[in-house]
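Work through the exercises below with the sequence and the 3D structure open. Try each task before reading its solution.

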Amino acid sequence: PSTNMNVKVRPATRGDCKEISRMISELAVYEKISHMLGTAELTKKYSSSISFSSLVSVGFPIVGYALYFYTYSTWKGRSVYLEDLYVMPDFRGKGIGKGLLSKVAEVGKKKQCVRLQLSVLDWNTPSRDFYAAKGAQDITASEGWRSLRFVGQDLDNLANEAPKDCRN
């Protein structure tokens with residue numbers, strides 16, 4: 001049974017960086033990708049980025065965060081992309097994740113976003129069920145989208161093939 005606590009969500013500040021970095025490390029362990037991050041640069045990357053926003057759940061120490069940014073769909077318009085939603089294990093089932101997710105949706109609607117998009121690992125059934133219960137649609141099969149990415153040397157190679165700027 002879910003116990004709803006008085007969830008308070010506010011925009012993150014640079015002062016929250018250490019706690020958010022800790023939770024990002026916890027999330028990486030949960031998602032089995034901790035080998036992909038170096039925690040020494042995590043704080044530096046987080047605090048120097050201006051391309052995303054985050055919210056934190058407060059009331060105790062910070063126990064959860066949502067990391068999001070804006071994208072644009074050629075077909076639909078402005079969208080908000082939820083990169084991370086994390087609540088510490090001892091605080092799950094208390095409405096904190098729902099509060100963070102709802103706040104991201106509210107912020108997106110205020111910015112005229114037409115959709116909230118996110119990715120979930122296929123094995124992460126608890127998260128998939130959580131989002132589905134809130135009305136998220138799994139577009140993997142229905143629309144046939146696949147996620148692709150360029151990283152490391154492949155990204156460097158692609159960037160090096162860019163045409164030179166043309167100046168008149």
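**Exercise 1. Decide whether R22 is buried, partly exposed or exposed, and find its salt-bridge partners.**

Step 1. Buried means under 20% relative accessible area, exposed means over 50%, and partly exposed lies in between (1.4 Å probe, protein chains only). R22 has a relative accessible area of 28%, so R22 is partly exposed.

Step 2. A salt bridge needs a side-chain nitrogen of Lys or Arg within 4 Å of a carboxyl oxygen of Asp or Glu. R22 meets E19 at 2.5 Å, N to O, and E26 at 2.7 Å, N to O.

Step 3. R22 and E19 are three residues apart in helix α1, which means about one helical turn separates them. E26 and R22 are four residues apart in α1, again about one helical turn. Because they share partners, the salt bridges join E19, R22 and E26 into one network.

The model is predicted: local features need pLDDT of at least 70, side-chain atom pairs count only at pLDDT 80 or more, and totals for chains, interfaces and linings use all residues. Residues are numbered from 1 along each chain as its sequence is written, and side-chain values use heavy atoms, with hydrogens and water left out.

**Exercise 2. Compare the span of α1 with the expected span, and list its buried residues.**

Step 1. Helices (H or I, at least four residues) and strands (E, at least two) are DSSP runs, numbered from the N terminus. Helix α1 covers residues 17-30 and has 14 residues.

Step 2. The expected span is 1.5 Å times one less than the number of residues. For α1 this is 20 Å, and the span from first C-alpha to last is close to that, at 20 Å.

Step 3. The buried residues in α1 are C17, I20, S21, M23, I24, S25, L27 and A28. After α1 comes K32, with a positive phi near 60 degrees.

**Exercise 3. Classify the ring pair of Y30 and W123, and say which parts of the chain it ties together.**

Step 1. Rings of Phe, Tyr and Trp (its six-membered ring) pair if their centres lie within 6.5 Å; planes under 30 degrees apart are stacked, over 60 edge-to-face, and the rest tilted.

Step 2. Y30 lies in α1 and W123 in the loop between β5 (115-118) and α4 (125-133), so the pair ties together parts 93 residues apart in sequence. Y30 is partly exposed at 31%, and W123 is partly exposed at 34%.

Step 3. A charge sits over a ring if NZ of Lys or CZ of Arg is within 6 Å of the ring centre and within 35 degrees of the ring normal. The charged end of R92 sits over the Y30 ring, 5.6 Å from its centre.

**Exercise 4. Classify the ring pair of Y68 and Y70, and find the charge over Y70.**

Step 1. The centres are 6.1 Å apart and the planes are at 85 degrees, which makes an edge-to-face pair.

Step 2. Y68 is buried, with a relative accessible area of 5%, whereas Y70 is partly exposed at 28%.

Step 3. R78 lies over the face of Y70, at 4.2 Å from the ring centre.
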